[in-house]
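Trainee: Could we go through this structure together? I would like to begin with the strands and then turn to the aromatic rings.

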Amino acid sequence: MTETLHPVYLDCDTGIDDALALGHLLASPIAELVGVGTVHGNIDAAGAAENTLRLLNLAGRSGDNAVPVAVGAGKPLVGEFSGGAVAVHGDDGIGGVRASLPEADAAPDTEDTEDSVDLLVRLSHEYAGELQILAIGPLTNLAHALVRDPTLVDRIAGVTVMGGAALVPGNARPAAEANIWHDPEAAQATVAASWPVTLVPLDTTMEHTLDETYRRRLAEAASPYARACGEMLDVYLNFYETVVLGRRAAALHDPLAAAIMLGEVALLDAPRVHVEVDCTDGPSRGSTVCDLRSQRKAPGDVPGATVRVVLETAPGYVDLLTELLESL
Ligand code: RIB
Ligand code: CA
């Protein structure tokens, strides 16, 4: 997918790597960000909208140039808001930089005006057959949208989800990745719907990291957006150093999904297979069960399967991301 301009609806829980994904979309010459919905996850849905609006403002996307931002689900289909990922993304979700960003000049839309589901449904009519959904938080808004308008699936060009772990350990739980863990029932509804889904799991995202050298480069860039990313990444790298990897480098989960959606990273192994999400209450709740048995004998797409699972990509994405953020 290259050259044409792709209209994108972004569904996010604006934490640090979500901010990188937002920056990628804003800077990419082949993406047109037409709306953002926020969801519980790294932070509460209203806080995610506040972060998004401030970041958009920082990138010059306010006033006449604004992108609509709507608050979505505050809690999963089953249970309550987890309280957020403070240890990973900081109290404000974006590594403590929120207060230093310019205040948003508009409030987000809410259920009193247009919530994220209404926004998505409206955009699906405006861009029927073309709209790409990039979902980089829990999938609660998508699940609500599928119920509110079951015809939605027919107007969506593709759904790219950062989430899951096919053949590698989870992160939020031993077998579950955070976005799926925070709403397994919504994730199951998303992968079971008859729209084309591309799942970008930890198998791939943990292979694309940004280290201290790149972080410093961003922190010293001319672009205010890149500098804010460099600053917030300090918190993210601290977490990865102390808890995840033992070195100052962090996974580019959400921005990598943006790049894959836009066809900017080559897929080396990405079969369409049947996927189910474990919605039981056992130790593997929230795990993504990808049926890869066929791949031993006949690697490739399974007839009738609608979920492409990205298991391996070409390396080098961190360079593209850094250049895009510097250009903002
Ligand atoms: O597991 C990684 C995902 O969880 C990313 O979307 C990150 O922002 C966190 O929410
Ligand atoms: Ca996210």
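Mentor: Let us start with a definition: two strands pair if DSSP finds at least two bridges between them. Please keep in mind that this is a predicted model.

Trainee: How many bridges join strand β5 to β6, then?

Mentor: Four bridges join strand β5 (residues 156-162) to β6, and the two run parallel. Within this pairing, Thr-160 stands opposite Thr-198 of β6.

Trainee: And which residue is the bridge partner of Leu-199 in β13?

Mentor: The partner of Leu-199 is Val-309. Strand β13 (residues 307-309) pairs with β6 over three bridges, in the parallel sense.

Trainee: Which residues of strand β6 lie on one side and which on the other?

Mentor: In β6 (residues 197-200), Val-197 and Leu-199 are on one side, while Thr-198 and Val-200 are on the other. All four are buried, so both faces of the strand are covered. In a regular strand the side chains alternate between the two faces of the sheet.

Trainee: Now the rings. How many aromatic pairs does a search of the whole structure find?

Mentor: The search finds two.

Trainee: Where do Tyr-236 and Tyr-240 lie?

Mentor: Both belong to helix α10 (residues 224-244), four residues apart, which is about one turn of the helix.

Definitions and conventions. Residues numbered from 1 in each chain as written. Chains lettered and ligands numbered in written order. Predicted model: local features only at pLDDT ≥ 70, side-chain atom pairs only at ≥ 80, totals over all residues. Heavy atoms only, no water. Phe/Tyr/Trp six-rings, centres within 6.5 Å; stacked < 30°, edge-to-face > 60°. Buried < 20%, exposed > 50% of the residue type's maximum accessible area, 1.4 Å probe, protein only.
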